[in-house]
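Here is a short note for a colleague who is opening this model for the first time. Please keep the viewer at hand while reading.

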Amino acid sequence: MKVKEMTYVALFAAVMGALGLVPPIMLSFTPVPITLQTLGVLLAGGILGARLGGISMAVFLLLVAAGAPLLSGGRGGIGVFFGPSAGYLISYPLTALFIGYLLSRFKTLKLKNILLINLTVGIFLIYLLGIPVQAFMMNIPLSDAIKLSLVYIPGDVLKAMLASFLVFRLLKHPIINKQFSKSLETL
C-alpha cells in the first residue's frame, strides 16, 4: 500500500472518529443508539472505493477494539463487539467495500445511482448484519428486533441522501476526481 493510500485510509478512520464526537440519540426501548457514523461508512465506500473504504473501516474498528473511545458517546474497547450494536459495527467494512465495488461498475456516476446504491446496498447491508446480532444479544425474536429497527430508517435515509450528494459533488470536482478515480477502479 502506498503512503497516499495509507493517508486516505487514516483520514477516513479519523472522519469516523470525528462523527463519533456527535452525541448519540439514545432511545428508551433499544440499547442501539442513533449515530452519525453510518454517514462515514457510506462516504468511505463512495469516495475511497471498495478496497480503501473497507480497509479504512477495518482500521477504525481495530482502533475501537484497542480501546479508543471513537464510537458515538465515547464508547470503545472490545466489549462493544459483544453488545447489541456489534452487528452494526461489524457491517461497516463490508458495507464500505460493497458500496465502493458497485459504484466502480458505473461508467459515469449519477446522483440517482449513488443514492440507489447507498439505500439498497449500504443501509440494507448494515441492517442485514446488525438486526440479527441485536436480536441475539438482546435475546428477543428476530421479528421484534426488526420492529425495533424501523425507528432508524428515516434517519438512515437522510444520511444516505447526504452521503450520496457529498460523494457525487466530491467526485465531480476535478482535483478530487483525479485523486480518487483510480481507487474506485480497484477492488
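The points below cover the basis of the model, one glutamine, the nonpolar core, the cavity and one leucine.

1. Basis. This is a predicted model, where local features need pLDDT of at least 70, side-chain atom pairs count only at pLDDT 80 or more, and totals for chains, interfaces and linings use all residues. Numbering runs from 1 along each chain as its sequence is written, and side-chain values use heavy atoms, with hydrogens and water left out.

2. Gln37. This residue lies in helix 2 (residues 37–48). Helices (H or I, at least four residues) and strands (E, at least two) are DSSP runs, numbered from the N terminus. Gln37 counts as buried because its relative accessibility is 1%; buried means under 20% relative accessible area, exposed over 50%, and partly exposed in between (1.4 Å probe, protein chains only).

3. Partners of Gln37. Its side chain reaches the backbone oxygen of Met16 at 2.8 Å. The side chain of Gln37 also reaches the backbone nitrogen of Ser72, at 3.4 Å. Leaving aside residues up to four places away in sequence, Gln37 touches residues including Leu19, Phe60, Leu70 and Tyr92. Contact here means heavy atoms within 4.5 Å.

4. The core. The largest nonpolar core has 43 residues; Leu43, Met57, Phe60, Tyr88, Leu89, Tyr92 and Tyr127 touch the most other members. Such a core is a set of buried Ala, Val, Leu, Ile, Met, Phe, Trp, Tyr and Cys residues joined through side-chain atoms within 4.5 Å. Elements that each supply at least two residues include helix 1 (3–19), helix 3 (50–65) and helix 4 (86–104). Helix 5 gives the most, with eight residues.

5. The cavity. The count comes to one cavity of 30 Å³ or more. A cavity is a set of points, on a 1 Å grid over the protein atoms alone, where a 1.4 Å probe fits but cannot get out; lining residues have an atom within 4 Å of a point. The largest cavity has a volume of about 220 Å³, the space filled by probe spheres set on the points. Its lining has 17 residues, with Val32, Pro33, Thr35, Thr38 and Tyr88 nearest the centre. Strand 2 (30–34) is one of the elements that give two or more residues to this lining.

6. Leu48. Helix 2 also holds Leu48. Leu48 is buried, because its relative accessible area is 0%. The C-alpha atoms of Leu48 and Val167 are separated by 9.8 Å, although the two are 119 residues apart along the chain.

Notes:
Polar contact = N/O pair within 3.5 Å; in protein donor to acceptor, adjacent residues only side chain to side chain. 1 Å grid on protein atoms, 1.4 Å probe; cavity = no way out; pocket = protein on both sides within 12 Å on 5 of 7 lines; lining within 4 Å.
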